[in-house]
Amino acid sequence: MNNHPFKSYAGILLLGAFSLSSALPAQPTSQTLATTTTLSHTNDPILATVNGAPIYESDVSDELMENSFEMVNSGVKKDKVERLIQLTLHEQFLKKQNIAIDSKAIDAEVERLRREPPQSSCMCCRYTSFDDFLQKNYYTLSEFRREIAVDFGMTKYMGYEWDKKHLQGAEQKAMVEKERGRLEKEYVKMAHIFFNTAQKPEYANAPEKVIGEANRKAKDAWMRLRMGTDFEKLAAEISEDTLSKSKGGNVGCVSVYAFGNVLKEVKATQKVGEYGKPVESPFGVHIIKFLP
């Protein structure tokens, strides 16, 4: 799937983050996927099977661009088959674990994504809309709902496994306290007002102009803060980090190296609850505020 913009909402990423290779059903030589459709599949070729569950041509062809080059659609079809295989393998695994997800939870997640579209290729950008995300990643809504169910199901499964293998209650609290010093050195909880540079289309040809404009915007924002404008309200109004701006700029807990060395350097002189002067990172210009 390296040549196309989509990736699995859960499956392949979770496999990488949490090894399930011994627990998931073995992938057969002739792979295919089960679908939830109830429509007749007369004259609808089976492209592959996963443990006996079929993947049909219509499952793969939905949402492909009708007028695009055949070569492009051929590559996308191949990637969609791989994505559907991973999706079905996870569904089969979760069924064996007796893990099911309420459709109301899936509905709620779809509505959340309509309000806050998924993250795109960079750490601070979103798709223009949920429908834009579906279209550019060749998803039908029904297929993506299955992805959400798998994502929630695998999160639930990993929670069960974590509880079985790791400390709980007072022992867990004691471990956290023991590690607190190290964690507070390596991570920060932060918010920022951000002005993008590296992701701007014109950056490649005119980097100094783009950086200069970002610094001008950051200086104006800094002056508004000094005049009493609320940090969270200003972030929601003007920050170019589309993932955090709806949360008042709150990024959450991140590594001190998330933006190069900037956070580590600022952390050495700036107190929690304060915001500092604009600083540059490889990604853009930030006004940073550390949170408790």
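This is a predicted model: local features need pLDDT of at least 70, side-chain atom pairs count only at pLDDT 80 or more; totals for chains, interfaces and linings use all residues.
## Overall composition

The chain has 292 residues, of which 38% count as buried. Its secondary structure comes to ten helices and six strands. Among contacts in the chain with a separation of 6 or more, 62% are between residues 24 or more positions apart.

## The four-stranded sheet

Four strands form an open sheet with antiparallel pairing, in the order E4-E3-E6-E5. The edges are taken by strand E4 (250-255) and strand E5 (279-280); each has a single partner strand, so one side of each is left without a neighbour in the sheet. Strands of a sheet pair through backbone hydrogen bonds, in either a parallel or an antiparallel manner.

Strand E6 (residues 284-290) is joined to E5 by two bridges, and these strands run antiparallel. In one part of this pairing, Val-279 has His-286 of E6 as its bridge partner. E5 and E6 form a hairpin, with three residues between them. E6 is also joined to E3, here by seven bridges and again in antiparallel fashion; Phe-195 stands opposite Val-285 in E6.

Seven of the seven residues of E6 are buried, that is, under 20% relative accessible area. E6 is therefore largely enclosed by the rest of the structure.

Helix H9 (residues 231-238) lies across E3 and E6. H9 runs at about 45° to E3.

## The second largest pocket

The second largest pocket holds about 290 Å³ of space. Its lining consists of Leu-183, Glu-184, Tyr-187, Val-188, Lys-189, Cys-253, Lys-267, Gln-270, Val-272, Phe-290, Leu-291 and Pro-292. By class, the lining residues divide into eight nonpolar, one polar and three charged.

H7 and E3 each supply at least two of the residues, and the largest share, three residues, comes from E3.

Conventions:
Residues are numbered from 1 along each chain as its sequence is written. Side-chain values use heavy atoms; hydrogens and water are left out. Two strands pair if DSSP finds at least two bridges between them. Contact means heavy atoms within 4.5 Å. Axes are lines fitted to C-alpha atoms, for helices over the stretch in contact, and angles run from 0 to 180 degrees between N-to-C directions. On a 1 Å grid over the protein atoms alone, a cavity is a set of points where a 1.4 Å probe fits but cannot get out, and a pocket is an open set with protein on both sides within 12 Å along at least five of seven lines; lining residues have an atom within 4 Å of a point. Grid points are joined across faces, edges and corners, and a volume is the space filled by probe spheres set on the points. Ala, Val, Leu, Ile, Met, Phe, Trp, Tyr, Cys and Pro count as nonpolar, Asp, Glu, Lys and Arg as charged, and the others, Gly among them, as polar. Buried means under 20% relative accessible area, exposed over 50%, partly exposed in between (1.4 Å probe, protein chains only).
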